[in-house]
Amino acid sequence: MRRAIVDKRDGWEETVAGQGLLYHTAGGIPYWDEGACYVFTPSEIDRLEVATGELWSMCLKAAEHVIERKRYAELGIPASAVPLIEYTWEAEPPALYSRFDLCWDGSGAPKMLELNADTPTSLLEAAAIQWLWLEAVFPGRDQFNSLEPKLIAKWKELIGGSYLFPGPIHFAHDGAIEDRMTVGYIMKTAMDAMRELKTSRPIVELRMDQIGWSWWRRRFEDLADAPIANIFKLYPWETMTGQAFGEHLAGTMRRMHWIEPAWKVLMTNKGLLAILWELFPGHANLLPAYLDGPRGMTDFARKPRYSREGANVQIVRGGQVLEETGGAWGAEGHVFQALALLPDFDGNRPVLGSWMVDQDPAGLGIRESEGLITGNTSRFVPHYIDPKSPSGTGSYRDNATGRAS
Amino acid sequence: MFGPSRIRIGFMGAFALLVMQGCEGCGDQVLAHCVDENGVVVDDGKCDADAGDGAAGSLADGGEADAGPAPTVAHVFVYRWWYGGHTPIGSTVPSAGGSYVHPAGGVSVGRASAVTIRGGFGTPGGVGHGAGVGE
């Protein structure tokens, strides 16, 4: 694994915007940064893929453990969410995707920082934009990226099988542009699936606040007062259950599919890190983590159980706070995870986003920052696979005219 | 369609209580529900159909009206309007907090079936250029 400096394509802003990445620059700083890329060997990608699959299996076991032992309160999960979690865990309604955040520099075992299983973003960048970059800049090279075909295959299974209720498929977000990009991309993969199946269903996009509730019909409705039966939402379950319509979720759960399903709230809860360490102590891909405090650790990250975008994270080293972010999370409790410093590639610290589609590892997206905490202003940097790539934590220059060095 | 032809005074207390309590998402409206003889909310079409045949129409405003002779046609008792807070189709309307008598003039009445409330999830108006909720 190494970081390579590459020339940006002329007019890259227009190019990626035309491909759907409207959020390519934030505050004058490129969010999509194709002036650099990460290069992996095939065996390194194999190790990432194997670790991702193994971590997913362990997370499923940890979620099952929480449900069987009813350890919801330890994770700060409200009682109102429990029927939703337990019903969807048993009924296995449609689930689409997740993303592990891993700490790794190509040596040793990748370490799991967290799992984003409910509302993962940066999907468009990982699935499409970096693939189109690869085809343009390094044609003939490969990438750890089967996100799009796997998402389409999953939609084909859902739409072509009997896994969805009749009626339209709704897609909801809270209006933020970065969330709309991910939702828009998921919509595209659903439409691609229908095209391949030679079938069609109405697709309806709406904001979360536009979702209606009819007391009379006792159902959720869209802006046309039509029933919502299948809805992909990029909106956290833990927020939904606490909002005004949260009281209607349990009564309607057998008549509609929310994607991602409610059991994902267990997977995305950072308290799961402590459950994982309890069930699989010493596992090479895990970091020690505890719910009740650092337990003597002097180097650790304190994370809220429901943090988003790196908010309210505190990095403690040698007992001293090294870095800290603000935000509105933390009242639900924290998890204390042994510190795994992100590797330093000439001052750039990447976190590896290893994607799952359904039950399969499906690709890699890398976000880097100068600091130790990856937030919503971190840069997305593409990657490719080079069979002859040397490893190292320095930055190398690659020929961006089509051939890797 | 919802105009009262007879008002039973005994119901006014309960009705006043309903108006004072209000109902979520109704604004200032009182909601009309079509119900069957057991007080179970049914599709509005049942009441609309009865209203169309004349005999039942008079009872759509309150089948237990004190004034006037009792109806002689059996089916006219089947469907009528009940005025009160949100009650889903298939559910039985509560014994208190509503009325079979159309509200007095000046009170806005709407069909319960036409009311869809919004804003119970998400950020009102969306977050616009604000931070997303993804991770």
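**Entry 1: where the two chains meet**

I began with the interface: chain B and chain A bury about 3,000 Å² between them, with 53% of that on carbon and sulfur atoms. Buried area here is the accessible area (1.4 Å probe) that two parts lose on being put together, summed over both. The size of an interface is often given this way, as accessible area lost when the parts come together.

A note before going on: this is a predicted model, in which local features need pLDDT of at least 70 and side-chain atom pairs count only at pLDDT 80 or more, while totals for chains, interfaces and linings use all residues. Residues are numbered from 1 along each chain as its sequence is written, chains are lettered from A and ligands numbered from 1 in the order in which they are written, and side-chain values use heavy atoms, with hydrogens and water left out.

I then looked up who takes part. Chain A brings 46 residues to the contact and chain B brings 33 residues, where contact means heavy atoms within 4.5 Å.

How many salt bridges cross the interface of chain B and chain A? The rule finds one (a side-chain nitrogen of Lys or Arg within 4 Å of a carboxyl oxygen of Asp or Glu). A:Asp225 and B:Arg118 form it, with their closest N and O atoms 2.7 Å apart.

**Entry 2**

Next I followed the strands, using DSSP runs numbered from the N terminus (helices are H or I, at least four residues; strands are E, at least two). Strand 9 (residues 212-214) of chain A runs antiparallel to strand 5 (residues 117-118) of chain B, and two bridges join them. Two strands pair if DSSP finds at least two bridges between them.

The open sheet has three strands in the order 10(A)-9(A)-5(B), paired antiparallel. Strand 10 (219-221) of chain A and strand 5 of chain B stand at the edges with a single partner strand each, so one side of each has no neighbour in the sheet.

**Entry 3: A:Glu221**

I stopped at A:Glu221, which is found in strand 10 of chain A. Is A:Glu221 buried or exposed? A:Glu221 is buried, at a relative accessible area of 0% (buried means under 20%, exposed over 50%, partly exposed in between; 1.4 Å probe, protein chains only).

Its side chain makes a polar contact of 2.5 Å with that of A:Arg217 and one of 2.9 Å with that of A:Arg219. Beyond four places in sequence, A:Glu221 touches residues of both chains, among them A:Gln210, A:Ser214, B:Thr116 and B:Arg118.

**Entry 4: chain B by itself**

I counted two helices and five strands in chain B, running α-β-α-β-β-β-β from the N terminus on. Of its 135 residues, 44% count as buried.

**Entry 5: strand 18 of chain A**

I moved on to strand 18, where nine of its nine residues are buried. A:Arg349, A:Val351, A:Gly353, A:Trp355 and A:Val357 point one way, while A:Pro350, A:Leu352, A:Ser354 and A:Met356 point the other way. In a regular strand the side chains alternate between the two faces of the sheet.

Strand 18 of chain A pairs antiparallel with strand 5 (residues 97-103) of chain A over six bridges, and A:Phe100 stands opposite A:Ser354. With strand 19 (residues 360-369) of chain A, strand 18 pairs antiparallel over nine bridges; here A:Leu352 has A:Ile366 as its bridge partner. Strands 18 and 19 of chain A form a hairpin with two residues between them, and A:Asp358 in the turn has a positive phi of about 55°.

A:Arg349 is found in strand 18 and counts as buried at 17% relative accessibility. A polar atom of its side chain lies 2.5 Å from the backbone oxygen of A:Leu342.

**Entry 6: helix 10 of chain A**

Last, I checked helix 10 (residues 272-279): six of its eight residues are buried, so the helix is largely enclosed by the rest of the structure. What covers those buried residues includes helix 2 (42-69) and strand 6 (111-116) of chain A.

Note on methods
Polar contact = N/O pair within 3.5 Å; in protein donor to acceptor, adjacent residues only side chain to side chain.
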